[in-house]
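Please view the sequence and the structure together before reading on.

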Amino acid sequence: MSQLSSLSFTSFTDSSLLVRDVAGSYRPAEPAEVLQAALRVLASQLRCTEMLSSPQAVRDFLRIKLGTLEHEVFAVIHLDAQHRVIEYVEMFRGTVTQTSVYPREVVKEAMAHNTAAIVLVHNHPSGVAEPSRADEHLTQTLKSALSLVDVRVIDHLIVAGPTILSFAERGLI
């Protein structure tokens, strides 16, 4: 307690978040450190909740994880039979306008995780969440391939900055 009482917090503004460095001193957190901490909290909430009963936690996690990227990423959220999150996996990275996705690799990953259901996710760095014909075709291709191994596609989400479009809500699944 004597160390705490000797610390002076007057140099920090009221809105500063503090982190402790390796020497044990406190300093204002860098923006990247705050985002990393937020991702850890959201990821733990994602793993500890049922997917369908907590769509807001999923959306918050995806907005932070993919919403500001300048390149496309295709990811999957693996779910167990009760639709609890097993793991979030970024599978493919692309350019500013496209990503190559290989259904065989998605099926292999689902089998490796003993996945019962899956949520497909990718981002649109353009900021426009509308699905392309290629997005719709890929969704149907993956749905067909995964159904062969009894893995159900629950949704395909497109993250475009703060906007997230759900194929399921649009009736596209």
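## Aromatic pairs

The structure holds 3 aromatic pairs. It is a predicted model. In one of the pairs, the ring centres of Phe61 and Tyr88 are 5.1 Å apart and the ring planes stand at 85 degrees; because an angle over 60 degrees counts as edge-to-face, the pair is assigned to that class. Phe61 belongs to helix H3 (residues 55–66) and Tyr88 to strand S4 (residues 85–93), so the pair ties together parts that are 27 residues apart in sequence. Phe61 is buried, with a relative accessible area of 5%. Tyr88 also counts as buried, at 14% relative accessibility.

Phe74 and Phe92 form a tilted aromatic pair, with 6.2 Å from centre to centre and 45 degrees between the planes. Phe74 lies in strand S3 (residues 73–79) and Phe92 in strand S4, so this pair ties together parts that are 18 residues apart in sequence. Both Phe74 and Phe92 are buried. Together with Tyr102, Phe74 and Phe92 form one aromatic cluster.

Helix H4 spans residues 103–112, and Val106, Val107 and Ala110 are buried within it. These residues cover an arc of only 100 degrees around the axis, which puts them on the same side of H4. In general, an α-helix has 3.6 residues a turn, so residues three or four places apart point the same way.

The buried residues of H4 pack against strands S3 and S4, strand S5 (117–123) and helix H5. On the face of H4 turned away from its buried side are the exposed residues Arg104 and Ala112. H4 is followed by Asn114, which has a positive phi, near 55 degrees.

## The largest pocket

How much space lies in the largest pocket? The volume is about 300 Å³. The lining of this pocket consists of 16 residues, and Glu72, Thr97, Gln98, Thr99 and Asp135 are those that lie nearest the pocket centre.

By residue type, the lining of the largest pocket divides into 6 nonpolar, 8 polar and 2 charged residues. Helix H5 (residues 133–147) gives the most to this lining, with 3 residues. Helix H5 is also one of the elements against which the buried residues of H4 pack.

Conventions
Residues numbered from 1 in each chain as written. Predicted model: local features only at pLDDT ≥ 70, side-chain atom pairs only at ≥ 80, totals over all residues. Heavy atoms only, no water. 1 Å grid on protein atoms, 1.4 Å probe; cavity = no way out; pocket = protein on both sides within 12 Å on 5 of 7 lines; lining within 4 Å. Points joined across faces, edges and corners; volume = space filled by probe spheres on them. Helix = DSSP H or I, 4+ residues; strand = E, 2+ residues; numbered from the N terminus. Nonpolar A, V, L, I, M, F, W, Y, C, P; charged D, E, K, R; others polar. Phe/Tyr/Trp six-rings, centres within 6.5 Å; stacked < 30°, edge-to-face > 60°. Buried < 20%, exposed > 50% of the residue type's maximum accessible area, 1.4 Å probe, protein only. Arc of directions from axis to C-beta. Contact = heavy atoms within 4.5 Å.
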